[in-house]
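Here are some notes for a reader who is opening this entry for the first time.

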Amino acid sequence: METQAATLPRVFSFGFWKILCKGTGQVMFQDNAWTGLFFLAGIFYGSYVTGNPAVAWGALAGVFMSTITGYLLRYPAEKGTAGLWGFNGVLVGCALPTFLGNVPLMWLAIVIFSSMTTWVMVGLNHLLAPYKVSSFTFPFVLTTWFVLMAARIMHGLPDSGLGAPELPGNFSSAFDTGFKDLVIYWLTGIGQVFLIKSWVTGLLFLIGLAISNYWAAIWAAIGSALALAVAILYQCNGGDIASGLFSFSPVLTAIALGMTFYQVNWRTAIWTLLGIFATVFIQAGMDTFFSPLGIPTLTGPFCVATWLFLWPHLNLDKKILQQG
Amino acid sequence: METQAATLPRVFSFGFWKILCKGTGQVMFQDNAWTGLFFLAGIFYGSYVTGNPAVAWGALAGVFMSTITGYLLRYPAEKGTAGLWGFNGVLVGCALPTFLGNVPLMWLAIVIFSSMTTWVMVGLNHLLAPYKVSSFTFPFVLTTWFVLMAARIMHGLPDSGLGAPELPGNFSSAFDTGFKDLVIYWLTGIGQVFLIKSWVTGLLFLIGLAISNYWAAIWAAIGSALALAVAILYQCNGGDIASGLFSFSPVLTAIALGMTFYQVNWRTAIWTLLGIFATVFIQAGMDTFFSPLGIPTLTGPFCVATWLFLWPHLNLDKKILQQG
Amino acid sequence: METQAATLPRVFSFGFWKILCKGTGQVMFQDNAWTGLFFLAGIFYGSYVTGNPAVAWGALAGVFMSTITGYLLRYPAEKGTAGLWGFNGVLVGCALPTFLGNVPLMWLAIVIFSSMTTWVMVGLNHLLAPYKVSSFTFPFVLTTWFVLMAARIMHGLPDSGLGAPELPGNFSSAFDTGFKDLVIYWLTGIGQVFLIKSWVTGLLFLIGLAISNYWAAIWAAIGSALALAVAILYQCNGGDIASGLFSFSPVLTAIALGMTFYQVNWRTAIWTLLGIFATVFIQAGMDTFFSPLGIPTLTGPFCVATWLFLWPHLNLDKKILQQG
């Protein structure tokens, strides 16, 4: 391993920033710097429009720290150039400013825990290797869960963006159901992959996906739409539906199953539709599970659902692992 | 794998219905169609007597869907004919009508999630294979937990059969302790393996077990009785004791350890008694864990306890895995 | 395995008591009977001073039962003589009298569940073997979590030492911050490894560590001090800070990473400092997680943190596994 180990690139070189863009693109399984650039554009647009620019700068800090960590720990260079050290870190950088107050101690947490995702990913991938799946975004999910739960008893991390802890129960399924509203929810669900509540961001993400691979964009669009339909059919929490919170994990499940880990064909398409359906239930179930803690599920439902649909090793023209 | 893959049997053939009965029998590790038939008789009797016939029809739908799914996914045929695709599905079909309202969307959930247990089982068994244990009823437990937790924020799935979420704490340990009462609790605990609160059902289950294997019936009887004694000794929740809710997981632990995975002898008998004792604590512990969510443990305590008593690989004349 | 299996030693032989001391020392990774003797001295002093002598006698009962169990189950003898059957049991024996009332049924639970840690350890180590880590104190954590959660619905186990279940939220970060206070918190944090709130106990533990290995004592001291600093910096719950509850898991992480599983050098030192920092967050996060149940985290945060810092298999001059 030592011989192919990565040497730290010049931090301000063009190649390094390209790697950071790829790292952002890998959140949706795309090894493509242009895709990542569109994702970053969507993040910057959305975070400024929704009045929380710290999310955008956190994203940059997160992808930077987690990628640099890969070099510092001398992991194999080809993982770095494919952006695989960045996708968990960029999500940590989006999540902490979304849920916590913008204070220096929060930035220290971003620096430490986005870095930590890199070795947690290597560790979890090591665990999952015998089962021929990778850890997906679970290193981000796990470390961020710990930080957000910790914030509940750390006055130094204001939990201003977290919902109140409460026993699961009463909620309203009311929301606007005009056609225009539904289109906005559908695109917002795609934007929520990076925790951005903005339909324009979702549109920029779709364009970024299409640049890399048409099928990725198509499955992202189907994933968000079907999840929206299932959430409406089963009369889920209306506010969450309108915020796209039932769609972002299914979007990732759809891209993972529909075109990343299986060949595109009609058999895998049926499988992917089932996966999207199940992800909505897992999302709702995990929402309930974390309700007494007031902690978001992050992309946990996507990880769980995709593992459950990959572990059986079906004869569905499985492709080689791309992520991890 | 493709060559021995199962071809879909004629659905209304006698052989197919025999497989469904075996699938029901495999809930208690019995590869015996007559046993399964007695189990189904117990389920039908109990669900009609307790006024919720949807449980019986759900059981049939669940075992049907999960078995058919094994054929559709072309898993190895010998698993199908032994009934190993059915035991998780039949439990999903019992559980959802027990805890949720009888509405069409609930039946759609039975269809999807009982099917899903088949590939979740294959996936989990794949994970557990290096440790020489199988997933037991955990595919049922996992998928049903997600659906029941989801129902807390899905108005489309009325959570009418679930207890209210509450912080763990106050409860009454009062219950009737006449000899006749105790006998009823003891038999009811066996009936609760399929979530049926009926001592007649428990008796039918014992008969079904005895048809297949005397030791299975004996250990089921011991498991329910010892668990009842431990629950009374430690003064557990009285209502749950009377409903047999501290006994059904120990019944399964007893059959698993006492005669399925170990040879029957005095050393494995001591081991099994310890396992039954531990299962009562794990049951009570998991009851507390899920209390803030108001979600039942299902057969989770049996799975956890049996794993903890099988993983150490003792020199207790271990038999070959039968289930999974 | 049978050929090297352990034969039951004479229970009152000197060698057997030496093994019990080693088992106590292994809680902090020291295969040294004198270290264990100092630990036991600290436990006895602290438990009598804080008015709960049952903790000390529970510790003895626990290390005795779990060690004897290793012989009864005929596990390989070299594990027994290194004290590896004792360290989980001694902690069960400290924990149950700390959190539960001193009644005969509590002692029955100590006997059963401290014994159980021995085979749960063998089982979990079997699971973790492919990943070249061991289960650390997790067998103690897992079995004790089940017993304490069970106590919530067992009147036979008074939960008098457990905090009230409550949704996470309000707390005070106030505590005394004089230099003398801080020194007391620092030493108390080391004493809390065995659940003893006494700075003298912490001092006895440090001396015991130094007898075995200077680096073990140094890292324990650094672990407690840095954890205290991080907890103060992030303004954690003041009462828990003063009771040393943010320090005991980092103490174990520090000994594990700083000198047990990696060679002592400056690179592993940086790694260990990061591990201590992360352990405080994982401690706070798990505190929140268990808040609705009113259950303590025990040494769970140490296990999670140390796994996350060992799984990546860094080229940091890793040493051979000593524990497990």
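1. Salt bridges between chains C and A. Across the interface of chain C and chain A the rule finds 0 salt bridges. The model is a predicted one, and this count should be read as such.

2. Helices on the chain C side. Two helices, α13 (266–290) and α14 (300–310) of chain C, each supply at least two residues of the side that touches chain A. The largest share of that side comes from α13(C), with 13 residues.

3. Make-up of the chain C side. Sorted by class, the side of chain C that touches chain A holds 26 nonpolar, 8 polar and 1 charged residues.

4. Extent of the contact. On the chain C side 35 residues are in contact, and they meet 36 residues of chain A. The two chains bury about 3,200 Å² between them, and 78% of this lies on carbon and sulfur atoms. Which three residues supply more of the area that chain C buries against chain A than any other three? They are Tyr131(C), Tyr234(C) and Phe281(C), which supply 21% of that area.

5. Domains of chain A. The second interface lies inside one chain. Chain A is divided into domain 1 (9–162) and domain 2 (171–323). Their C-alpha centres lie 20 Å apart. The contact takes 44 residues from domain 1 of chain A and 44 residues from domain 2 of chain A.

6. Domain 1 and domain 2 of chain A bury about 3,700 Å² between them, with 77% of it on carbon and sulfur atoms. How many salt bridges does the rule find across this interface of domain 1 and domain 2 of chain A? It finds 0. Polar contact is found for 8 residue pairs across the two domains, both residues at pLDDT 80 or more.

7. The domain 1 side. Three helices of chain A, α2 (33–49), α5 (87–99) and α7 (138–151), each supply at least two residues of the side of domain 1 that touches domain 2. Of the elements on this side, α2(A) gives the most, with 10 residues. By class, the residues of this side of domain 1 of chain A divide into 28 nonpolar, 14 polar and 2 charged.

Terms used
Residues numbered from 1 in each chain as written. Chains lettered and ligands numbered in written order. Predicted model: local features only at pLDDT ≥ 70, side-chain atom pairs only at ≥ 80, totals over all residues. Heavy atoms only, no water. Contact = heavy atoms within 4.5 Å. Buried area = accessible area lost by both parts, 1.4 Å probe. Salt bridge = Lys/Arg side-chain N within 4 Å of Asp/Glu carboxyl O. Helix = DSSP H or I, 4+ residues; strand = E, 2+ residues; numbered from the N terminus. Nonpolar A, V, L, I, M, F, W, Y, C, P; charged D, E, K, R; others polar. Domains from an automatic or database assignment. Polar contact = N/O pair within 3.5 Å; in protein donor to acceptor, adjacent residues only side chain to side chain.
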